[in-house]
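Take a look at the structure below.

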Amino acid sequence: MNPLIPLFVVIPLTGAFLIMILGRFIRNFNKTLTSLILLILAILSLYYLFTTGDNLSLYKVGGWEPVNRVPIGIYMVMDGFTVIVLSIINVVGFLTVLYSISYIKRFTAENLFYALFCLMIGGMNGVVLSGDLFNIFVFLEISVISSYALVAFGVEKNELEASFKYQILGGLASFLILFGIGFIYWKTKTLNIADIREVFKSGYDRSFYIFVELLFLCGFGLKAAIIPFHAWLPDAHSSAPSPISAMLSGVLIKAVGIYVIIRLFFNMFEISQNISILITTLGTLSMVIGVFLAIGQWDIKRLLAYHSISQMGYVILAVGMGMILISRGDNSEVAVLAIAGGIFHLVNHAAFKGLLFLNAGAIEYTIGTRDLKEMGGLARSMPVTSATSFIASMSISGIPPFNGFFSKLIIIIAAVMAKFYLLALLAVIVSIITLASFLKFQRYAFYNKTENKNDRKIKEVPFPMIFSMVIMSLLCIALSLLAFPGIRDVLLTPAINILTDPLKYSSIILGN
Amino acid sequence: MIAYLLCFVLFLVGLYGIITQRNLVKIAISMSIMEFSTFLFFALIGYIEGGVAPIVDPADPVKTYVDPLPQALVLTAIVIGLATTAMMMAVIIRLYRKYGTFDIREIKNLRG
């Protein structure tokens, strides 16, 4: 029992409640409280990131002890993989709140913004900490409903349309997930992930569960915007206010999409070859099609949104390769390498894509447009934005000193070692096209001086925005340290251990 | 078994509505139909043939109760469904104010 675990959910929910009540009476209460909350949670999550290791801590809500080794209460579980995603959520969330302090001033209803932001953080923390399926669903809905509202926060034509589209597809995903949960409960009579795994051990009806696996894959795939389900993502991510785009793209699609897919398919279902080949195919499709859709875009945020699909494709591809190797039962070192590459890229993507969206927001904040053709020559007037976005662009395209290079390298090495030469080749090609696309972004936004009509008084953005962009770019450089053995063993290896050992998760939770 | 089939048919009716309807409000209604087919499915899997409501009475011991857990889940899911429907309706009203129409064919600013 670790009594601090529920704080990750309780503090943001209380914060949202207090902001709604007291925010209108006390000046600056909303931003102070939100940044304080996120600071506390970020410190707490980083503390757990460095101390958890191979341990697994539990919190049984309401103190319900298991009866005959069958868990009857709600479990919150924190293990090596959870803490990684938890740190991403809270650290990126903290930097984004600092950024919003200046950015969101031009909107009315700041209270609502901060309250919804806290709700979204609380929901995502709940999703990653929850140890049973139905709570994953409940917290997922908390975070996505607040993100529907946040996408529509500008209440103009585009924002509302994007939010409506997002709601239809998100709602469809929720029903598919709920159906899947229903089928699981029908067969196993339990909702606890560890307990379901225990039931599966005594007999796994593959022809029945493959249907459930497909339901979950479609549902969470819609939330994660894997390619056949991606239609909502470019609209929603480009229409939302920029800090929210950074949260949606950097954190939300990972916490409620990719994280749950990885958790369920490794720790709950038995890995089957068909599903793992399907997941790898979807990942490859996302990676390739996403980048081709991104090439032709002239709206910066839409370009970044399509790159999110493509980069998430790398993560899915790496994890899928690991699943194929595990289901074949050979090459476990290569499987570990592939999954490590996937999780590493997940962390890196949060850093550089969050930063890129913050840069896009800074550009939009100063010159008021998102169209690349109307920009140019911003490098001189906005040096910090230009430098940080250069770091992020090089990082996402996989240029050596930055973090994106190392994770892509690990994924490609794993693909070659597993003899998936075609996938390795595609990963390299997609990386090159990404580089081309971001060179275009850099050139048109910061260096192109052909029509220099923007020479009016363009100033650099205010200090809080600069601060969070600089910290994010330092993270982009610092995260490449994760590739080196000493640090990787502390941070990444526990996550991989809990995922690749099929029975460890359930046996620790059930206590045998 | 027939009840499960009806539940599935209800789901398909909702899906058909979402795909074919042009009116935003009708799309929202179709979403609700899909939602309720899911809730119906949960109520069905908790039902046990010949079971009674799970209130234990020591004086009259009954052998079979229906499973109460899916009912609790459905209650939670209904509350969530209320929130999604309210959110969607709010956005639809705002969309109507901006575009002056409920027709989804005329609401297409975002392309590509």
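The questions below concern a predicted model.

Q: How many helices and strands are there in chain B?
A: Read along the sequence, chain B follows the pattern α-α-α. The count is three helices and zero strands.

Q: What radius of gyration does chain B have, against that of a compact globule of 112 residues?
A: The C-alpha trace of chain B spans about 65 × 25 × 20 Å along its principal axes. A compact globule of 112 residues would come near 13 Å. Chain B has 20 Å.

Q: What percentage of the residues in chain B are buried?
A: A residue is buried if 20 or more other C-beta atoms lie within 10 Å of its own. Of the 112 residues in chain B, the buried ones make up 24%.

Q: Which helix gives the largest share of the side of chain B that touches chain A?
A: The contact takes 26 residues from chain B and 25 residues from chain A. On the chain B side, helix H2 (24-46) and helix H3 (68-99) each supply at least two residues. The largest share is 14 residues, and it comes from H3(B).

Q: How many nonpolar residues are on the side of chain B that touches chain A?
A: Chain B brings 26 residues to the contact with chain A. By class, four of that side are polar, three are charged and 19 are nonpolar.

Q: Are H6(A) and H3(B) roughly parallel or roughly antiparallel to each other?
A: Helix H6 of chain A covers residues 157-188. Its axis and that of H3(B) come within 9 Å and cross at roughly 165 degrees. Angles over 145 degrees count as roughly antiparallel. H6(A) and H3(B) are therefore roughly antiparallel.

Q: Is the crossing of H6(A) and H3(B) left-handed or right-handed, and how many nonpolar residues are in the contact?
A: The crossing of H6(A) and H3(B) is left-handed. Among the residues that make the contact are A:Leu160, A:Phe164 and A:Tyr185 of H6(A), and B:Met87, B:Val91 and B:Leu95 of H3(B). The contact of H6(A) with H3(B) also has four polar and four charged residues. Its nonpolar residues number 11.

Q: Why does A:Lys440 count as partly exposed, rather than buried or exposed?
A: A:Lys440 lies in helix H17 (residues 421-447) of chain A. Buried takes 20 or more neighbours, exposed 12 or fewer. A:Lys440 counts as partly exposed because its C-beta neighbours inside 10 Å number 17.

Q: What distance separates the C-alpha atoms of A:Lys440 and A:Trp298?
A: A:Lys440 and A:Trp298 are 142 residues apart along the chain. Their C-alpha atoms are separated by 9.7 Å.

Key:
Residues numbered from 1 in each chain as written. Chains lettered and ligands numbered in written order. Predicted model: local features only at pLDDT ≥ 70, side-chain atom pairs only at ≥ 80, totals over all residues. Contact = placed C-beta atoms within 7 Å. Helix = DSSP H or I, 4+ residues; strand = E, 2+ residues; numbered from the N terminus. Nonpolar A, V, L, I, M, F, W, Y, C, P; charged D, E, K, R; others polar. Axes fitted to C-alpha atoms, helices over the stretch in contact; angles between N-to-C directions. Parallel < 35°, antiparallel > 145°, perpendicular 65-115°, else oblique. Left-handed = near helix turned anticlockwise from the far one by under 90°. Rg over C-alpha atoms; globule rule 2.2 N^0.38 Å.
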